[in-house]
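Here is a friendly tour of one protein model, with a look at its charged pairs, its surface and a helix crossing. Have your viewer ready and follow along.

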Amino acid sequence: MTELRAEVVIIGGGVNGCATAYYLAKLGVRDVVVIERDYLASGSTGRCGAGVRQQWGLKMNVLLAKESIKAFENLNEELATGLDIEFKQKGYLMLAYTDKMVEQYKKNVALQKSLDVPVELISPEEAREIVPYLNTEGLLAATFCPTDGHINPFIATNSYAEAARRLGVRIMTFTEVTGIEASKDKVVAVETTRGKIHTEKVLNATGGYSREVAALAGVELPTYPERHQILVTEAVAPIQDPMVISLQHGFYTQQTPHGSFIMGFGDPHEPKEHITTSTWNFMEEMAAKILPVLPALAELRVVRQWAGLYNMSPDAQPILGEVPTLQGFYNAVGFSGHGFMLGPVTGKLMAELISGQEPHLDIAPLSLERFAKGELLREPSVV
């Protein structure tokens with residue numbers, strides 16, 4: 001077994017881990033190692049719906065998402081890897097079916113506009129102009145932001161990884177972390193199946209397995225895994241530009257640049273376990289949710305379905321920062337289904353923090369300590 005040394009070890013080869021590695025190297029921290037148990041984007045990143053939006057009701061989320069989308073818009077040019085992240089920037093259409101939803105969306109739009117997000121509250125007729133086959137029965141209003149969209153998560157992650165390698169980052173795939181050593185409340189090493197890596201800084205960016213990895217360091221995280229299922233259809237001629245979301249019906253759907261439709265929904269009754277197998281009746285449940293709103297999709301043939309893990313936190317907001325009880329142990333976890341869309345800004349913020357700089361956005365409200373203090377952050381409820 002070999003022994004290595006690194007200034008920073010990042011555990012997790014998803015978009016957040018690879019983005020942080022790239023931005024660390026860009027800041028001059030070249031002695032960085034990324035450890036991934038399988039292949040890059042094999043976990044939550046590669047199993048997500050890959051939508052990116054700025055339409056949130058919590059200021060922190062709007063700021064984070066807005067910066068990430070700006071980064072995604074220029075990522076092909078910045079990373080210059082020759083890869084195209086396939087950013088389809090055709091907007092998000094969010095549907096409102098109750099007075100409560102309309103009132104909350106009005107407040108959300110006011111917040112988003114105050115932060116220079118180009119979003120509008122629109123009528124059912126205007127919504128149908130954007131998606132002509134939308135059934136507007138019962139629809140009261142909708143919001144639309146044209147700069148939201150969809151990205152290929154595998155290509156985005158591998159673009160960050162390739163750019164990071166070019167700057168000297170070492171990426172170890174098919175390598176499992178088996179222990180995290182500490183001495184006098186400081187991180188000193190990471191044990192892996194390929195040997196020990198001596199280091200004083202570790203970033204936990206392991207998505208659905210964040211709680212278990214933190215436990216290796218003696219750190220208790222209040223995160224838990226939750227299965228979310230997705231299906232993809234055959235490719236057809238373009239008929240839908242934006243991502244369509246109905247929180248009332250509980251679904252989202254987006255036509256990819258290749259013509260396939262991605263559809264998914266979350267089930268609040270899912271067990272809090274590491275289950276990534278898809279259920280036999282998911283397609284029927286998906287059809288029951290989506291076809292009353294988008295009946296034109298009824299004839300599409302499903303070619304594949306899969307499941308991935310959301311890494312849930314108690315308030316469904318990310319946990320970012322250094323653990324106060326263990327110097328050198330950082331977390332970028334608990335994104336609760338929104339980790340991919342926040343990849344660029346998370347990478348920049350964690351790189352700044354780990355390298356000793358002041359993060360350019362105040363992430364103190366997202367610290368682990370907020371749960372002990374009872375200072376939880378929550379999106380305003382619309383249902």
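Is Lys196 buried or exposed? Lys196 has a relative accessible area of 17%, so it is buried (buried is under 20%, exposed over 50%, partly exposed in between, with a 1.4 Å probe and protein chains only).

## About the model

This is a predicted model, in which local features need pLDDT of at least 70 and side-chain atom pairs count only at pLDDT 80 or more, while totals for chains, interfaces and linings use all residues. Residues are numbered from 1 along each chain as its sequence is written, and side-chain values use heavy atoms, leaving out hydrogens and water.

## Salt bridges

Side chains of opposite charge can pair when their charged atoms come close. Searching the whole structure turns up twelve salt bridges (a side-chain nitrogen of Lys or Arg within 4 Å of a carboxyl oxygen of Asp or Glu). In one of them, Lys196 pairs with Glu181, with 3.0 Å between the closest N and O atoms. This pair links distant parts of the chain, 15 residues apart: Lys196 sits in strand β12 (residues 195–198) and Glu181 in strand β10 (helices, H or I of at least four residues, and strands, E of at least two, are DSSP runs numbered from the N terminus). Glu181 is partly exposed because its relative accessible area is 28%.

Arg370 and Asp315 form another salt bridge, at 2.9 Å from N to O. Here too the pair links distant parts of the chain: Arg370 belongs to helix α10 (residues 369–373), and Asp315 to the loop between β18 (302–312) and β19 (319–322), 55 residues apart. Both Arg370 and Asp315 are buried. Elsewhere, shared partners join Glu181, Glu191 and Lys196 into one salt-bridge network.

Within helix α6 (residues 153–166), Glu162 and Arg165 lie three residues apart, about one turn of the helix. Their closest N and O atoms are 3.7 Å apart in a salt bridge. Glu162 is partly exposed at 38%, and Arg165 is partly exposed at 37%.

## Loop residues

Which residue has a phi near 50°, a positive value in a residue other than glycine? That is Phe174, placed in the loop between β9 (170–172) and β10 (177–183). With 57% relative accessibility, Phe174 counts as exposed.

Lys184 also has a positive phi, about 55°, although it is not a glycine. Lys184 is in the loop between β10 and β11 (186–192), and its 78% relative accessibility is why it counts as exposed.
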